[in-house]
Amino acid sequence: MRAALALARRGLGTTWPNPSVGCVIVHDNRVVGRGHTAPGGRPHAEPTALAMAGDHAKGATAYVTLEPCCHFGRSPPCTNALIAAGIARVVVAATDPDPRVNGKGLQQLRTAGIQVETGILEAEALETLIGFTTRVTLGRPMVTLKLASTLDGRIATHSGESQWITGTPARRLAHAMRGRHDAVMVGVGTVLADDPDLTCRIQGFRPTPNVRVIADSHLRTSLTSRLLVTAADIPTWFLLREGTNLAREEAFTNLGARLIKVPGSTAGVDLKAALTALGTAGLTRLLVEGGGQIAAALLRADLVDRIAWFHAPSVMGGDGWPAVQAFGTETLAHMPRFRRDCITVIGDDMLSEFTRQRPCSPAS
């Protein structure tokens, strides 16, 4: 199962709208097949591993990180493939929360006479599946907020200078984070200030480019920006509000951008509605970069699942731009709270990673 999980991690960021799943087939204590979900979600891990195993699949054990699908979609059910191949035993890490599956796949295998075991390394599997399960259960992608600041939480000087606060090793790791997410999102303020590429610039890290998402309620992004100049080649989506200039919309679409209209808010676009729209479009893992305004808006709306915070060993002072703008917290009890998962030293910088601590539901 650990080998299957390692295979599943290879596909993170590239398999949406499907989860990244790993499968290892073992016959007579020898690995005869292995596979993981291909870019774009097809083929699934199980058919890939079965094709490698060939006749050795008969009587073998399949280790799969997620319950095999049992419904017809763009490809036949993986349960049918496992049964037809003569697999004798299936070991599953986690049950699929998709209502079309959710235990039905396991039951179909058992009905066919296959021995089924579940819950093996489930916690590790759920970690790789967090984007998929968030989309299925909450209707939006899992959101990681990435921040890079000084020790006192500043991301730019009072004059706006921000490149570069962290060192080269930290920036390379940030690119790797982009590579493990389906999409990278920023606000239009960051686009106007930095004219970013928002790509994973580690050669060979991923087979397909990540989607670039810009919250730009009135399409203020320059038509000559790096994002729009490359929009025909790299998926570039703009979140805008209804009533934007139609000529502007046409210019963006002619350059290859995809426009997603959502309700507006006082800060630009309604981010909850925007994330729901991104989930509907198939995204499962979203890395949010950018300035303090979009960070504050997401935290205020309780839409941040994880934080990856890079700190440089420097102090800028109170007149620098804060990593998170004010968002109206009145009491300590109302602060979003996070659990620290790990701290990593990267060159002279430090990365702290956190997971949102959700309040417990009141007792019934």
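## Salt bridges in the predicted model

Across the whole structure, a search finds 12 salt bridges, where a salt bridge is a side-chain nitrogen of Lys or Arg within 4 Å of a carboxyl oxygen of Asp or Glu. This is a predicted model, in which local features need pLDDT of at least 70, side-chain atom pairs count only at pLDDT 80 or more, and totals for chains, interfaces and linings use all residues. Residues are numbered from 1 along each chain as its sequence is written, and side-chain values use heavy atoms, with hydrogens and water left out.

Four residues are joined in a network of salt bridges: Asp195, Asp197, Arg201 and Arg226.

## Arg2 and Glu124

A salt bridge connects the side chains of Arg2 and Glu124, at 3.9 Å from N to O. The pair links distant parts of the chain, 122 residues apart: Arg2 belongs to helix α1 (residues 2–10) and Glu124 to helix α5 (residues 122–138). Helices (H or I, at least four residues) and strands (E, at least two) are DSSP runs, numbered from the N terminus.

Arg2 is exposed, at 57% relative accessible area, whereas Glu124 is partly exposed, at 30%. Here buried means under 20% relative accessible area, exposed over 50%, and partly exposed in between, with a 1.4 Å probe and protein chains only.

## Glu117 and Arg89

Glu117 and Arg89 form a salt bridge through their side chains, with an N to O distance of 2.8 Å. Glu117 lies in strand β5 (residues 115–118) and Arg89 in strand β4 (residues 89–94), so this pair ties together parts 28 residues apart in sequence. Both ends are partly exposed: Glu117 has a relative accessibility of 26%, and Arg89 has a relative accessible area of 23%.

## Helix α9 and its surroundings

The side chains of Lys261 and Glu249 meet in a salt bridge of 3.2 Å, N to O. Glu249 is part of helix α9 (residues 246–254) and Lys261 of strand β11 (residues 258–262), so the contact ties together parts that are 12 residues apart in sequence. Glu249 is buried, with a relative accessible area of 10%, while Lys261 counts as partly exposed at 37% relative accessibility.

Gly256 follows α9 and has a positive phi, near 105°.
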